[in-house]
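Here are my notes on the model you sent. They are set out as numbered points, to be read beside the structure.

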Amino acid sequence: MFVSFFPRPRLFFLSAVAWTVFAMVIWYGYANELFQAPEKPVGLATFWAPPALWFDAYFVLCVAIFATAWMRLAPHPWANWSILGSSLILFTTYFQVQVSVAINSWYGPFYDLVQAALSKSAPVTVERFYSQLSTFAGIAFVAVVVGVLTRFFVSHYIFRWRTAMNDYYVANWPRLRAIEGASQRVQEDTMRFASTVEGLGVNLISAVLTLLAFLPVLVKLSSNVTELPLIGSIPYPLVFAAVIWSVLGTGVLALIGIRLPGIEFFNQRVEAAYRKELVLGEDDPARADPPTLSVLFANIRRNYFRLYLNFMYFNVGRIVYLQTDVIFPYVLLAPTIIAGKITLGAMNQILNAFTQVRTSFQYLVNAWSTIVELISIYQRLRSFEAKLHGEPLPSIEAETEPVSLT
């Protein structure tokens, strides 16, 4: 799964994490201070201000050092895509987080302008109003262009990873063909694995970068919030509430959905058995007879009904949590809003920053269904890895799915 695309995967990913930590220490400890703007710009100027351009150059330098070292020490045919391509995806993810930060900075002056216009507390011209909207339009235009180009590149990246896995498995096909559903695992699971890992990886990186970008913002904005309902006055109340609420929701939902990965694995197994019988029946009249297909499809039906039932439990908890999540920040801000301690612009900045931080901590909540699918695909492809290395097949390969729906 990984060795076909990345050079010496275990060491590669460990070194990537170590190099990232080292680069961040240097950045926050020294390099970040070399270019500081006296006042943070709002709008498109955010992206080409000296601090932003300096970070871009620093990122390119760190990637160049890391990629050059690996390409010399462990040459790999897919190094350009696996190392440089992954770095580009990482940078565009960071850039999209910066877009969110730029929009959050725009919220303050825009909604304060709206409040001034509605309350007649200060003169507001239509030119100033449209100027603020044009500022947002500029940020949105950059976000759209970068987002479209990124998705185009990611599509090619995923297919290159699939190609690498496909070539690797095809080269070892004589040793893999005896595994149940081998053709499906090579033809379908490789693509699903590459796309799912990429999606989850990008979302995880985005969640981490969002935390790094918005936690300081939320800490700063917490100065406007003096107390929380039922709890009272505590240091950094919004950060405390975001962490506790998100961790609680993640833990409860992970517990509710703990059986889903195994059920999804069995789902792929019974689907593969049914498809295999149909394919054999195309050339052999003795295969794919109605009684056999009826039994195989009954297995599919039973497993899907089990999956639906378990997802119902999970979705009840997930939907209740996410619907409560919509009003949760307003509950937290209720004493502050009623006391009139913040303006409309400050409130919207707080709500957006709080949502960004809370959503980052809720990564597992939002991605659990995809994680379930990935675990199932990984378990299936892991059997290939075990076969190639002469290891025993994973224990789940020998398990039989339960007969009952629960």
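1. In which helix is the place of Val 320? Val 320 sits in helix H10. Keep in mind throughout that this is a predicted model.

2. Val 320 belongs to a nonpolar patch on the surface. Two helices, H8 (237–256) and H10 (290–338), each supply at least two of its residues. The biggest share comes from H10, with four residues.

3. Now the overall fold. The protein has twelve helices and zero strands. Read along the sequence, the pattern is α-α-α-α-α-α-α-α-α-α-α-α. The C-alpha trace spans about 85 × 55 × 40 Å along its principal axes.

4. Next, burial and surface. Of the protein's 406 residues, 41% count as buried. The protein exposes about 21,600 Å². Carbon and sulfur atoms supply 68% of that area.

5. Take the contacts between residues at least 6 apart in sequence: 79% of them join residues at least 24 apart.

6. The largest nonpolar core has 77 residues. Within this core, Trp 161, Phe 193 and Phe 354 touch the most other members. Helix H7 (residues 182–221) gives the most to the core, with 13 residues. A separate core of seven residues lies apart from it, and includes Phe 95, Val 99, Ala 102 and Ile 103.

7. What does Phe 354 touch, not counting residues up to four places away in sequence? The list is Leu 218, Leu 238, Ala 241, Ala 242, Phe 328, Pro 329 and Leu 332. Of the helices already named, H10 (290–338) covers Phe 328, Pro 329 and Leu 332.

8. How many salt bridges does the structure hold? The count is one. Glu 277 pairs with Arg 287, and their closest N and O atoms are 2.9 Å apart. Glu 277 lies in helix H9 (residues 260–283), while Arg 287 is in the loop between H9 and H10, so the pair ties together parts that are ten residues apart in sequence. In general, side chains of opposite charge can pair when their charged atoms come close.

9. Are the two partners buried or exposed? Glu 277 is buried, at 9% relative accessible area. Arg 287 counts as partly exposed, at 35%.

10. Thr 46 is worth a look. This residue is found in helix H2 (residues 45–48). Thr 46 counts as buried because its relative accessibility is 15%, under the 20% limit. Setting aside residues up to four places away in sequence, Thr 46 touches Pro 41, Ala 52 and Ala 102. Ala 102 is also one of the members of the seven-residue core.

11. Where is the place of Val 124? Val 124 lies in the loop between helix H4 (79–119) and helix H5 (126–171). With a relative accessible area of 27%, Val 124 is partly exposed. Leaving aside neighbours within four places in sequence, Val 124 is in contact with Leu 113, Ala 116 and Ala 117. Val 124 and Leu 113 are eleven residues apart along the chain, and their C-alpha atoms are separated by 7.2 Å.

Notes:
Residues are numbered from 1 along each chain as its sequence is written. This is a predicted model: local features need pLDDT of at least 70, side-chain atom pairs count only at pLDDT 80 or more; totals for chains, interfaces and linings use all residues. Side-chain values use heavy atoms; hydrogens and water are left out. Patches are made of residues with over 30% relative accessible area and no salt bridge: like charges are joined within 9 Å, nonpolar side chains (Val, Leu, Ile, Met, Phe, Trp, Tyr) within 5 Å. Accessible areas come from the Shrake-Rupley method with a 1.4 Å probe; for residues, only the protein chains shown count as cover. A salt bridge is a side-chain nitrogen of Lys or Arg within 4 Å of a carboxyl oxygen of Asp or Glu. Buried means under 20% relative accessible area, exposed over 50%, partly exposed in between (1.4 Å probe, protein chains only). A nonpolar core is a set of buried Ala, Val, Leu, Ile, Met, Phe, Trp, Tyr and Cys residues joined through side-chain atoms within 4.5 Å. Contact means heavy atoms within 4.5 Å.
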